[in-house]
Amino acid sequence: MKALKTNDQEVYQLVKSEESYQQSTIRLIASENYTSRAVLDACGTVFQNKYSEGYPGARFYQGQVNCDALETLAIDRAKKLFQVEHANVQPYSGSPANLAVYLAFAKPGDTVLGLNLNHGGHLTHGSKASATGKWFNAVHYSLNSETDLLDYDEILKLAMEHKPKILIAGHSAYPRQIDFAKFRDIADKCGAVLFVDMAHFAGLVAGGQHPSPVPFADVVTTTTHKTLRGPRGALILCKEVHAKAIDKAVFPGLQGGPHNATTAGIAVALKEAMAPEFREYAKEVVENAKCLAQELTARGFKLVSGGTDNHLILIDLTSKNITGKQMAVALEKAGIVLNYNTVPGETRKPSDPSGIRLGTPSVTSRGFGRNEMKLIAEYMDRTAGNIDNDEVLGSINKEVTELCAGFPVPGIEV
Ligand SMILES: *Cc1c(COP(=O)(O)O)cnc(C)c1O
């Protein structure tokens, strides 16, 4: 970063400061990860300088010889990794990718059916706060109030009653796997397009640790920066019959020129995800999550659905008499970074809900294993018991920093 250091000390210092923050804290944000240095390198290239509206071989600008080759490489890798007929690598991020699916398959006012935001759904699955909830008639299914699990009978009932154009499966905060065959069956019965948003668990699918939605869904979207461990961006994967509709929805339907430098980073991340080490990483992500879930349960934390099958854990703190925000703020003081989250049957407001969400992708990427999961559970337990005691929180922070020093973060040169 020689030129940055010379030309802009303020930004350079912020980058350095963020590097040291990411190195010295434990990141349990379920949607975050650490990309490799190769991914970061690919994102900071002269591909930033190119406009390439259109698709490889059919651009609206001349001078696309390298951009065409790059985007084709990314598309081919996405198709191979996820065993899918068609891939669009241009969406700027997960939310625009989802909007493109709505644009391709529905008209304003049409009915869509997705998971309730408070039960782990995403804003773009028809929340009233999102354009998707304002422009479409969004109906929501909830988790079973006794098991905290997806209730396929309830989803079928709602689907037959409301006849949605689009049936959405996928989540931002559901600690279990999804039965895509059941969703396919429901979509067939009610005549809906089945749209799976695998933003959170795409890396587990790529690494063979989660069933793939591809054989069942009409269309699948994913962010590239969560468990998949690439740069911030998204993919849309679909059957060939929907290829034209999806491509037209992304461009010119929603976007202008693709972010070619990000496409380069995505291509690198997809190559990495095909390597045997990535399978090992995905397996470790799940095993770490299961271990952390066990250790937290043993310390009296109440886990939504009682545990996890994937990379994330949702904790309802009501029984500990603290709120999600209190816990998240105290943990930040202790050097552990995560987010407060609503839980199924939430009674508090979204800005200070009853729960926290945590995930193991980032810590697994830096090499944490079972011993470190036990330590994290222990730090969290001590934090919960000393929620207002800055002295104790400060001493936990010291231990966290020392632990982190032994696990260099990928992508950061020490
Ligand atoms: C993160 C996420 C998104 C949105 O991704 P952004 O890149 O933040 O726009 C969409 N859907 C789900 C399920 C997500 O978890």
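Me: Leaving aside its neighbours within four places in sequence, which residues is Asn310 in contact with?

Reply: This is a predicted model, in which local features need pLDDT of at least 70 and side-chain atom pairs count only at pLDDT 80 or more, while totals for chains, interfaces and linings use all residues. Residues are numbered from 1 along each chain as its sequence is written, and side-chain values use heavy atoms, with hydrogens and water left out. Contact means heavy atoms within 4.5 Å, and once neighbours within four places in sequence are set aside, Asn310 is in contact with His171, Tyr174, Pro175, Arg176, Leu204, Val285, Val286 and Ala289.

Me: Is Asn310 buried or exposed, and where is the place of Asn310?

Reply: A residue is called buried under 20% relative accessible area, exposed over 50% and partly exposed in between, with a 1.4 Å probe and protein chains only. Asn310 is buried, its relative accessible area being 0%, and its place is in the loop between β11 (302-303) and β12 (312-316), where strands are DSSP runs of E with at least two residues and helices are runs of H or I with at least four, numbered from the N terminus. The side chain of Asn310 also reaches the backbone nitrogen of Leu312 at 3.0 Å, a polar contact (a pair of N or O atoms within 3.5 Å; within protein, one must be able to donate a hydrogen and the other to accept it, and residues adjacent in sequence count only if both atoms are side-chain atoms).

Me: Which residues come nearest to the ligand?

Reply: A residue is near a molecule if one of its heavy atoms lies within 4 Å of it. Of the 13 residues around the ligand, Ser93, Ser95, Ser172, Asp197 and Lys226 come nearest, and helix α5 (residues 94-105) gives the largest share of the shell, three residues. A polar side-chain atom of Asp197 lies 2.6 Å from a nitrogen atom of the ligand, whereas a backbone N or O atom of Gly94 is 3.0 Å from a ligand oxygen atom. In the side chain of His225, an N or O atom is 3.5 Å from an oxygen atom of the ligand. The protein covers 86% of the 380 Å² of accessible area that the ligand has on its own, as given by the Shrake-Rupley method with a 1.4 Å probe.

Me: In the largest nonpolar core, which residues touch the most other members?

Reply: In soluble globular proteins, nonpolar side chains tend to be buried together. A nonpolar core is a set of buried Ala, Val, Leu, Ile, Met, Phe, Trp, Tyr and Cys residues joined through side-chain atoms within 4.5 Å. Of the 51 residues in the largest such core, Phe82, Leu150, Leu167, Phe183 and Leu237 touch the most other members. Apart from that core lies another, of 37 residues, including Ala330, Tyr379, Val400 and Phe407.

Me: Which residues does a cis peptide bond join, and what is phi of Gln83?

Reply: Most residues other than glycine have a negative phi, and most peptide bonds are trans. Here a cis peptide bond joins Phe251 and Pro252, with omega about 10°, and the place of Pro252 is in helix α10 (residues 243-254). Phi of Gln83 is near 55°, a positive value in a residue other than glycine, and Gln83 lies in the loop between α4 (65-82) and β4 (86-88). Ser305 has a positive phi too, near 70°, and lies in the loop between β11 and β12. At 62% relative accessibility Gln83 counts as exposed, whereas Ser305 is buried, with a relative accessible area of 16%.
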